[in-house]
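Subject: Structure handover and findings

Hello,

Here is the structure I said I would pass on. Please have it open while you read the notes under it.

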Amino acid sequence: MKRALHVVLVIILAFCGAAGLMVIYPRPVAAATSYYVNDNSIAGDVYCSAIGDNANSGTSPSAPKLTIQAIINGYTLGTGDVVYIDTGAYGESISITTADEGATLQGAGPGKSTINGTTSSCIYMNQVSGMTITGFTITCGVGYPFEVGGFVRNYGGGIGLRYSTSTITNCIISGNSTIFGGGIYSKSSTLTITNCTVTGNTGTVNVGGIYTVDGTSTITNCIIWGNSGSEVYNSGGTNTVTYCDVQGGYTGTGNINQDPLFVGGGDYHLQSEAGHWTSTSLGDRHSDEPVYRCR
Ligand SMILES: [Ca+2]
Ligand SMILES: [Ca+2]
């Protein structure tokens, strides 16, 4: 009888495993929070119902803050949080550091939500994990002072990353200027860039486009064209560029080297035989000349 009981216990343990006999309580997960930012106009807004004011809480569409940095400084952003930044121009150089991680900065779309970073990189991230940047025009940035090889010089005109993990999607990064990495500079980071246009940026010494160092970067389905010096430059680490249009060409599956035929005048829609959508009145199709010969 004792032997039979022993056998039964062994079978139960084999089925359940040690963990099967333990009561496991789910770890409490903080609910994701939505935050709101708006400039001083509600024209063309999609997220907010009032103009921005940094005296507001920034936690509802009717009480948006005026600046993105006010949200970052005022709250600790966590995984799943979304900061909705409505149509408008935001003249600020945003700095995100370790305390804020895993959130999304969600613009209303390139050409609608514009970050004009005139005193540093438009967005600078240092030791930030899992930050997503999507739906912006990022322009006028002048870079963040990085120490490289014992020298402190400005890198990353539009976006600068240091020891961070970030995903950048659906952005136009143009008209930024700094010493190295006019569009983006990424140091020892894991950077994913998808569906972005990086054009018209300047590296006054070199690399007007994207400069990656000692990390892992994955650049997919982007146009990197018309930047000064090198369009894409990788120094150490792993840089994978695929299905991109890179001026001068770049090694990688599906990459091309073809003039994208931007409409011009700050409109980065592409001209084609079918015409293009205007950036100011969505749905209004304009015919193009010259055009791609696609067939
Ligand atoms: Ca607005
Ligand atoms: Ca914070």
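Overall

Please keep in mind that this is a predicted model. The protein has 295 residues, and 45% of them count as buried. Its secondary structure amounts to 29 strands and two helices. Taking contacts between residues at least 6 apart in sequence, 55% link residues that are at least 24 apart.

One open sheet is made of six strands with parallel pairing, in the order 4-7-12-16-20-23. Its edges are strand 4 (94–96) and strand 23 (232–235); each has a single partner strand, so one side of each has no neighbour in the sheet. From one strand to the next, the twist averages 5°. Within this order, strand 12 (residues 159–162) pairs with strand 16 (residues 184–187) over four bridges, in the parallel sense. One pair of bridge partners is Arg162 and Lys187, the latter in strand 16.

Strand 3 (residues 88–90) runs parallel to strand 6 (residues 113–116), and three bridges join them. Tyr90 faces Ile115 of strand 6 across this pairing. Strand 6 pairs in turn with strand 9 (residues 137–139), again parallel and over three bridges. On that side, Ile115 stands opposite Ile138 in strand 9.

The nonpolar core

The largest nonpolar core holds 64 residues, and the members that touch the most others are Ile68, Val83, Ile123 and Ile224. Helix 2 (residues 68–74) contributes the most to this core, with four residues.

Which residues does Ile123 contact beyond its neighbours within four places in sequence? They are Ile94, Ile115, Ile133, Ile138 and Ile159. Two of these names come up above: Ile115 and Ile138 stand opposite each other in strands 6 and 9.

Two loop residues

Val207 and Ile51 both lie in loops, and I give them one after the other.

Val207 is in the loop between strand 19 (202–206) and strand 20 (210–213). Is Val207 buried or exposed? Val207 is buried, because 28 other C-beta atoms lie within 10 Å. Leaving out residues up to four places away in sequence, Val207 touches Phe180, Gly181, Gly182, Gly229, Ser230 and Tyr233. Of these, Gly181 is 26 residues from Val207 in sequence, with a C-alpha to C-alpha separation of 5.1 Å.

Ile51 sits in the loop between strand 1 (34–37) and helix 2. With residues up to four places away in sequence not counted, Ile51 touches Asn38, Asn40, Ser41 and Ile42. Leu66 lies 15 residues from Ile51 in sequence and 7.6 Å from Ile51 in space, C-alpha to C-alpha.

Regards

Technical notes:
Residues are numbered from 1 along each chain as its sequence is written. Chains are lettered from A and ligands numbered from 1 in the order in which they are written. This is a predicted model: local features need pLDDT of at least 70, side-chain atom pairs count only at pLDDT 80 or more; totals for chains, interfaces and linings use all residues. A residue is buried if 20 or more other C-beta atoms lie within 10 Å of its own, exposed if 12 or fewer, and partly exposed in between; C-beta atoms are placed from the backbone. Two residues are in contact if their C-beta atoms, placed from the backbone, lie within 7 Å. Two strands pair if DSSP finds at least two bridges between them. Axes are lines fitted to C-alpha atoms, for helices over the stretch in contact, and angles run from 0 to 180 degrees between N-to-C directions. A nonpolar core is a set of buried Ala, Val, Leu, Ile, Met, Phe, Trp, Tyr and Cys residues joined through C-beta atoms within 7 Å.
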